[in-house]
Amino acid sequence: MTSSVPHYRGASVPTRQPPPALWPPLDFALGALSCCGACVFTNPLEVVKTRLQLQGELRLRGSYQRHYRGVLQALWVVGTTDGLRGLQKGLSAGLIYQGLMNGVRLSFYSYCDATGVTALPGGSLMTGAVAGALGAFIASPAYLVKTHLQAQTVKAIAVGHQHNHQGVASAFASIYRREGVVGLWRGVNGAVPRVMVGSAAQLASFSSAKEWVAHLQWYSPNSWLVAMTAACISGVAVTISMTPFDVISTRLYNQPVDERHRGRLYLGFSDCLLKVCRTEGVLGLYKGMGPVFFRLCPHTVLSMLFWDLMRQRAGHEFQKQS
């Protein structure tokens, strides 16, 4: 995903050459580390986003108490009520999710990039979507636990169903005891389309924007500013395309289940979509868009920047050795 750029203005930009393929375990580790590093900084916004998306669930606008009224106010409410640790709720599960999901997603995409698949018409979008689906499916149990933990709080500011887990390990154990292995993948039917759309938008827009910025020669060749500018553009594209899927995914993951282990509120993705639109309006699908943007944009910038710089460094070391 790097471009060969001349060192002087006015010259034509050579045809993009695919980057060298890295050792798969190393590629997995680089993708996991880059997104885990970003997760540490953006997890408080993920907590706020989850609360805003669950607030007023399946209720008409104005018929419920609004504990959270925006990004900054919500951060203040969580911080003053749950303490600073409350702003990092679900961080351990979030790191597991980011490591697994993005390790699979980014290493799969970079392998396809190195083999030239992404250069085919529509190849970047399709590869990004497939990579996202694989990562989302594998890491779904961690996202389930993360959502449960981030929704948990004291009664005064609680929204959505409260699962009352004691921690990450006990959450995994209690879900497994109650619903079995299948229960750990509850909500995956909302997660896969969510990450497919987000991954396709992120990776395709980042790759295209990076080549575009490099072609304009605003910065010196191989400057980290090329990747950062491309990541900023990518962050906007991801937020716009992903927010409705993010709301549906959060609702499916957090809903309570009955004695037959079926969701009490939604039967699946399409049922959730219809119920949200019917009771909360189309704007209900964009609940929490503010924190989604303020979380996804810096997360995209940080993760894509870390990933790109580490892959460039690893690629240079690989070329030296060969």
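**Aromatic pairs**

Trp185 has 27% relative accessibility, so Trp185 counts as partly exposed; buried means under 20% relative accessible area, exposed over 50%, and partly exposed in between, with a 1.4 Å probe and protein chains only. Before going on: this is a predicted model, where local features need pLDDT of at least 70, side-chain atom pairs count only at pLDDT 80 or more, and totals for chains, interfaces and linings use all residues. Residues are numbered from 1 along each chain as its sequence is written, and side-chain values use heavy atoms, with hydrogens and water left out.

Searching the whole structure gives six aromatic pairs. Rings of Phe, Tyr and Trp (its six-membered ring) pair if their centres lie within 6.5 Å; planes under 30 degrees apart are stacked, over 60 edge-to-face, and the rest tilted. One of the pairs is Phe137 with Trp185: the ring centres are 6.0 Å apart and the planes at 35°, so this pair is tilted. Phe137 sits in helix H4 (residues 123-151) and Trp185 in the loop between helix H5 (168-184) and H6, 48 residues apart. Helices are DSSP runs of H or I, at least four residues, numbered from the N terminus. Phe137 is partly exposed, at 45%.

What angle do the planes of Trp212 and Trp218 make? They stand at 75°, with centres 5.6 Å apart, so the pair is edge-to-face. Trp212 is partly exposed at 45%, and Trp218 is partly exposed at 46%.

Finally, Tyr97, Tyr143 and Tyr253 make up one aromatic cluster.

Technical notes
Helices (H or I, at least four residues) and strands (E, at least two) are DSSP runs, numbered from the N terminus.
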